[in-house]
Amino acid sequence: MQRQVMHMHDRKGFSLIELIVVIAILAIVSVVSLRAFYSLGSWKVKKCVSAIDGGLDQAKVTALSKSDAVFRIYKKGTEYWMAIDVKDTEEENERIAKEPAVISYVTNEGTEADIQEGDSESLKLQYDRSSGAFKPIGSTAGGRDIYCSSIIVTSGNNTKTIVLYYATGKHQIQ
């Protein structure tokens with residue numbers, strides 16, 4: 001009998017049950033960490049959209065109280081920035097996102113464009129001082145006004161949209 005007990009203690013390695021328990025623990029840890037990783041990306045998108053939403057509110061108040069306020073979203077290197085420029089003064093720029101996030105916008109014509117590096121590739125929005133509505137961002141060859149109808153922030157599988165109601169100057173996060 002004593003010989004059998006010693007024989008069992010001399011075995012090296014893990015039992016099948018021990019391996020299954022370890023694999024189950026690793027699976028649970030990996031699921032939890034992946035979920036945390038994806039929610040971090042979602043948090044960054046929400047933070048960016050919230051900053052843009054606040055910037056639009058501030059730009060509207062500035063435009064209605066002063067004149068010629070321009071809300072800009074632009075890209076510098078791998079980072080996205082926003083600023084509110086008022087005639088004769090430059091407001092402080094705020095970094096709102098960095099790659100791999102992508103900020104794009106859609107016009108009332110249905111055209112979607114990513115904001116790229118360079119002044120001509122930035123999104124510039126202005127409010128009409130008398131009505132509070134958005135001013136056009138351009139015009140077609142036929143002379144129809146082009147407005148920004150939404151701003152889209154995407155990072156991985158996370159996407160948030162700010163819908164702009166250009167006739168009233170209101171906006172809403174979706």
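**Exercise 1.** Over the ring of which residue does the charged end of Lys76 sit?

*Solution.* The model is a predicted one. In it, the charged end of Lys76 lies 5.2 Å from the centre of the Trp81 ring and sits over that ring. The distance criterion for such a contact is within 6 Å of the ring centre.

**Exercise 2.** Determine the strand order of the open five-stranded sheet and identify its edge strands.

*Solution.* Step 1: the order is β6-β5-β10-β11-β12, with antiparallel pairing. Step 2: β6 (112-114) and β12 each pair on one side only, and these are the edge strands.

**Exercise 3.** Classify the aromatic pair of Tyr147 and Tyr166, and state what the pair ties together.

*Solution.* Step 1: the structure contains two aromatic pairs. In the pair of Tyr147 and Tyr166, the ring centres are 4.4 Å apart and the planes stand at 5 degrees, so the pair is stacked. Step 2: Tyr147 belongs to the loop between β9 (145-146) and β10 (148-155), and Tyr166 to the loop between β11 and β12, so the pair ties together parts 19 residues apart in sequence. Step 3: Tyr147 counts as buried because its relative accessibility is 17%, whereas Tyr166, at 31%, counts as partly exposed.

Notes
Residues numbered from 1 in each chain as written. Predicted model: local features only at pLDDT ≥ 70, side-chain atom pairs only at ≥ 80, totals over all residues. Heavy atoms only, no water. Phe/Tyr/Trp six-rings, centres within 6.5 Å; stacked < 30°, edge-to-face > 60°. Helix = DSSP H or I, 4+ residues; strand = E, 2+ residues; numbered from the N terminus. Buried < 20%, exposed > 50% of the residue type's maximum accessible area, 1.4 Å probe, protein only. Lys NZ or Arg CZ within 6 Å of the ring centre and 35° of its normal. Pairing = 2+ DSSP bridges.
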